[in-house]
Amino acid sequence: MRRAIYPGSFDPITNGHVDVICRASRLFDELIVAVASNEQKKTSLFSFSERVDLIEQVCRDARNVVVMHFDGLLVDFARQREASAILRGLRAVSDFEFEFQMALMNRKMEPGIETVFLMPREEYTYLSSSLIKEIARLGGPVEAFVPSCVAKALEAKLRAK
Ligand code: PNS
């Protein structure tokens with residue numbers, strides 16, 4: 001069984017993430033989308049459980065995709081779940097330095113787990129959760145960038161603030 005972990009903050013999940021999930025679900029027997037608690041990022045718009053819930057709604061029809069959350073080191077979580085790969089999306093060269101550093105550090109800590117990079121469709125390469133949150137905060141349209149349940153959740157969250 002080839003199992004991969006797709007970790008991230010997913011605050012919130014975007015169409016770029018969804019594209020990477022679809023591609024990876026064709027490559028692996030099981031894909032675990034793993035939402036990091038990210039204690040160090042105090043600025044999350046959506047709570048841990050809201051982020052998980054949105055991904056579950058988006059991935060409802062993907063039969064080999066499961067959504068989980070994790071605390072602590074990614075490699076410990078990957079080992080616990082017996083995953084052979086960590087999956088990350090690469091959008092642009094600007095992503096590379098951080099991703100390269102993280103991949104090598106994770107490999108140092110756990111040589112048995114490979115990091116695999118996938119590129120989303122070109123039209124999603126400029127998407128990021130942070131930009132989408134900023135656009136939504138400033139009243140701009142986000143429907144083209146996120147699944148519809150996420151657009152609704154963004155609107156509700158910002159209205160409540
Ligand atoms: O979507 P993000 O914020 O770019 O995801 C970053 C994430 C969650 C994958 C990274 O911060 C992470 O792996 N966090 C878990 C803690 C950990 O293992 N840190 C050491 C990384 S070398």
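I began with Asp-95, which forms a salt bridge with Arg-91, the closest N and O atoms being 3.0 Å apart. For a salt bridge I took a side-chain nitrogen of Lys or Arg within 4 Å of a carboxyl oxygen of Asp or Glu. The model is predicted, so I used local features only at pLDDT of at least 70 and side-chain atom pairs only at pLDDT 80 or more, while totals for chains, interfaces and linings use all residues. Residues are numbered from 1 along each chain as its sequence is written, and side-chain values use heavy atoms, with hydrogens and water left out.

I looked up the exposure of both partners. Asp-95 is buried, with a relative accessible area of 12%, and Arg-91 is partly exposed at 35%. My classes were buried under 20% relative accessible area, exposed over 50%, and partly exposed in between (1.4 Å probe, protein chains only).

Asp-95 lies in helix 4. I took helices (H or I, at least four residues) and strands (E, at least two) as DSSP runs, numbered from the N terminus. Leaving out residues up to four places away in sequence, I found that Asp-95 touches Gly-89 and Leu-90, with contact meaning heavy atoms within 4.5 Å.

Next I searched the whole structure for salt bridges and found 11. One of them joins the side chains of Asp-29 and Arg-2 (3.8 Å, N to O). Asp-29 is in the loop between helix 1 and strand 2 and Arg-2 in the segment before strand 1, so this pair ties together parts 27 residues apart in sequence. Asp-29 is partly exposed at 38%, and Arg-2 is partly exposed at 46%.

I then noted the salt bridge between the side chains of Arg-3 and Glu-30 (2.7 Å, N to O). This pair links Arg-3 in strand 1 with Glu-30 in strand 2, 27 residues apart. Arg-3 counts as buried, at 15% relative accessibility.

I turned to helix 1 (residues 15–27). Its 13 residues should span 18 Å at 1.5 Å a residue, and the end C-alpha atoms are 19 Å apart, which agrees. The expected span is 1.5 Å times one less than the number of residues. Which residues of helix 1 are buried? I listed Asn-15, Gly-16, His-17, Asp-19, Val-20, Ile-21, Ala-24 and Ser-25. The buried residues of helix 1 pack against several elements, among them strand 1 (3–8), strand 4 (85–89) and helix 5 (129–137).

Last, I placed Phe-96 in helix 4 (residues 93–109). Phe-96 is partly exposed, with a relative accessible area of 41%.
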